[in-house]
Amino acid sequence: MCENSGAFKILMDHSPQPLVGVTAIEYVLGSETVAVGDLETRGLLETPASRLQEFGFHCVRLSREPSYELGLRAARKLLDAASVDPESVEAIFYVGATPLSHAVGTDDPRSVFNYPVAQLQYELELTRAITIGVSQLGCAGLMTAVSLARSFLISHESATRVLCVSSDVLPAGSQREMIYNVISDGACALLVEKGAQKNRILSFHQVTKGYYWDLTTKKNEIAAAYFPTARAIMQDTLRDCGIDWPSVGLILPHNVSLRSWEILLGLVGAPAEILFSDNIARFGHVIAADNWINLRDAVDGGRIQPHDKLLLFTFGFGANWACMLLEH
Amino acid sequence: MRDTIFLTGATGVIGQALVPLLTVRRDIKKVHTLIHNTPAGSSFEGVTAVSGNVALDEDLGLNDLWLEEIVEDVTVVIHAAADTRFSAPVAELRAVNAGGTQNLLAFASRCRKLRAIVCLSTVHVAGKRTGAIEEEIVEHSAGFVNSYEQSKYEAELLLRDKMKELPISVVRLSTVLGDSRNGEAAKLAAIHQGLRLYYHSLAPMIPGFPSSPVDLIASDYAAAAIAHLAISNFSPGSVFHLCGGQDVLSLDDLLKQTHEAFVRYRPSWRKRSIAAPSIVGLPTFELFAQSVDEVGDNLLRHSVNVIRHFAPQLAYPKTYEDAGCALALASMGVEKPRIADFYPKVIRSLVESGWADQKISTTPEAVAI
């Protein structure tokens, strides 16, 4: 089995590891569907809407609910759909790309300590679960949380289930474009289980390059750095498992522009047919949730067969590149 | 008989390296340099700098006094003047590079004592041809990566047509990187700009193949070779490739050596963890460049344009035959510097000169010569 890089990998290679995978996925998007052209009319874009449409974006989903509410709804939906006994969940990893997502804010300044993950544990009666916030990873947060959940399950012999929840809602009136990509509000909940029979994690790589920490002054450098490091991490992830592109059934992308993916596919030498790109037009980039929403929709759409190898790639500010290989 | 030299393009990369070599030769009586857009005069003994412009007319913009003296005395013409802006419109480049050559030939035909005309060209007249490129002027329809290549190709065709009437040889240079002894680059060319973009994480990808040969030559060696081919061993009707030939770096190796040199000469650069540009197929590069054109801001657009105007040459891999040049230079007694030796010196010189710390301009490049 392949594993993360570094010392951890060496340790894992010397002892058999239980299989860990993502067994259930549910998501909730903002309730308001807005066309990219309407975003332009509202002054929420930097790039002309026509150009963003050429890049594959048609609509976004905006939420009037706070991120915590969306996260709670996604998690509740998952627990119900998968008939999960709340007592069986050993940990909750709560992911938010922005500081706003990590506080249930009120007018009282002390509300910055009102952590949504604790409230989630209470509302869902996950009384045995410990709570952990995962932040400062941008759009790579949920994939990293899944990897952390896997490590948690392996290191805690009796633990079998972890709930990972990501939720981000941009403040009302916010710009909806980040480096030529259009952003939706949404939440996604994942059940990560030991002994999983599907979506087993075969390999995970994450690269952090702090040089790019300042988005406000390094926008061009980030745009330029994105591609070579993306290629390297995707190749490393496949190499870990001794496979090449013909063995990959589907790429489950983060929903940045289709143009960007065309370039990246050319860079890595992957065929365009294996990119699951349906959701780029439908709702664009849902921060950290894209890969998992796409996995869910690809499964529902019959695009994935048992034992297909699935490559998930994402990029988050920070800057963080993350790539995971699953076996369905 | 001692030669009187007439040198155009004396302030260019090669011209600057050539002038001091000419002034110390005992077989040279006098050197006239044609200076465009620069105050006339010279800091070298035995060198006169005269104002003119090869693109202007068949008198090259010389005043009557100088015109008369130079036409009367000159024995060797070295034509190094060129407009080397890769991104300029072809009409502008043609006016200087082909038109200027035509004017120069008309001027030279009036020089009564003339015994040699050496015209500097570029190996990149091969354009989008691939494979082995011979030392001969060949008409081709492969196309060109930039207007500069095209204009120099057109200039060569003019030279070829005049070779029966005038004593002409053509010296094609590959990319001139810097001085092999101290690494100094007299002027920053496209390759130096490209390296700077890599240093600043603004060069995401380069079109080509990992094995694409990158042919680079040292400026001091190039200057010495040109002097030899013009004065000591002139061979009319010849075309020479003054290039690395077999001693080239692959694109992949070049990027690795660049990374190593950046880290060695600026250790703090390592912490940026900047990835080397990806080597990609031309269609992928073009799609990226198009996207940046459509939405990128000025800095990124400028960065991609710098790469776009020269690097696609690497997507048409070729090697330059240089047996004829090597034979002609055998009597020079100077060994060609090896790329593995002088490349790191050039990077070191660039890094230590503060080249990386200069603000990256987003304005169009200036006329090189």
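**Close-up views of a predicted two-chain model**

**View 1. Packing of helices H5 and H7 in chain B.** Helix H5 (residues 190-199) of chain B packs against helix H7 (residues 251-265) of chain B at an angle of about 65°, the axes being 11 Å apart. Axes are lines fitted to C-alpha atoms, for helices over the stretch in contact, and angles run from 0 to 180 degrees between N-to-C directions. Helices (H or I, at least four residues) and strands (E, at least two) are DSSP runs, numbered from the N terminus. The model is predicted: local features need pLDDT of at least 70, side-chain atom pairs count only at pLDDT 80 or more, and totals for chains, interfaces and linings use all residues. Residues are numbered from 1 along each chain as its sequence is written, chains are lettered from A and ligands numbered from 1 in the order in which they are written, and side-chain values use heavy atoms, with hydrogens and water left out. B:Leu195, B:Tyr198 and B:Tyr199 of H5(B) meet B:Leu255, B:Thr258, B:His259 and B:Phe262 of H7(B), where contact means heavy atoms within 4.5 Å. The contact of H5(B) with H7(B) comprises five nonpolar, two polar and no charged residues (Ala, Val, Leu, Ile, Met, Phe, Trp, Tyr, Cys and Pro count as nonpolar, Asp, Glu, Lys and Arg as charged, and the others, Gly among them, as polar).

**View 2. Packing of helices H3 and H4 in chain B.** The axes of helix H3 (residues 90-108) of chain B and helix H4 (residues 147-162) of chain B come within 8 Å and cross at roughly 20°. H3(B) and H4(B) are therefore roughly parallel to each other (under 35 degrees; over 145 counts as roughly antiparallel, 65 to 115 as roughly perpendicular and the rest as oblique). Their crossing is right-handed. Residues of H3(B) in the contact include B:Val90, B:Leu93 and B:Arg94, and those of H4(B) include B:Ser147, B:Tyr148 and B:Lys162. By class, the contact of H3(B) with H4(B) has eight nonpolar, six polar and four charged residues.

**View 3. Packing of helices H4 and H5 in chain A.** Helix H4 (residues 67-81) of chain A and helix H5 (residues 116-123) of chain A have axes that come within 11 Å and cross at roughly 40°. H4(A) and H5(A) are therefore oblique to each other, and H4(A) passes H5(A) in a right-handed crossing. A:Tyr68, A:Gly71, A:Leu72, A:Ala75 and A:Arg76 of H4(A) meet A:Pro116, A:Gln119, A:Leu120 and A:Glu123 of H5(A). The contact of H4(A) with H5(A) divides into five nonpolar, two polar and two charged residues.

**View 4. Surroundings of A:Lys194.** A:Lys194 is found in strand E9 (residues 186-194) of chain A. Not counting residues up to four places away in sequence, A:Lys194 touches several residues, among them A:Pro18, A:Leu19, A:Val20, A:Glu157 and A:Thr160. The C-alpha atoms of A:Lys194 and A:His102, 92 residues apart along the chain, are separated by 27 Å.

**View 5. Backbone details in two loops of chain A.** The peptide bond from A:Gly318 to A:Ala319 is cis, with omega near 5°. A:Ala319 is placed in the loop between E12 and strand E13 (320-327) of chain A. A:Ser83, a residue other than glycine, has a positive phi near 50°. The loop that holds A:Ser83 lies between H4 and strand E4 (89-95) of chain A.

Key. A crossing is left-handed if the near helix is turned anticlockwise from the far one by less than a right angle, and right-handed if clockwise.
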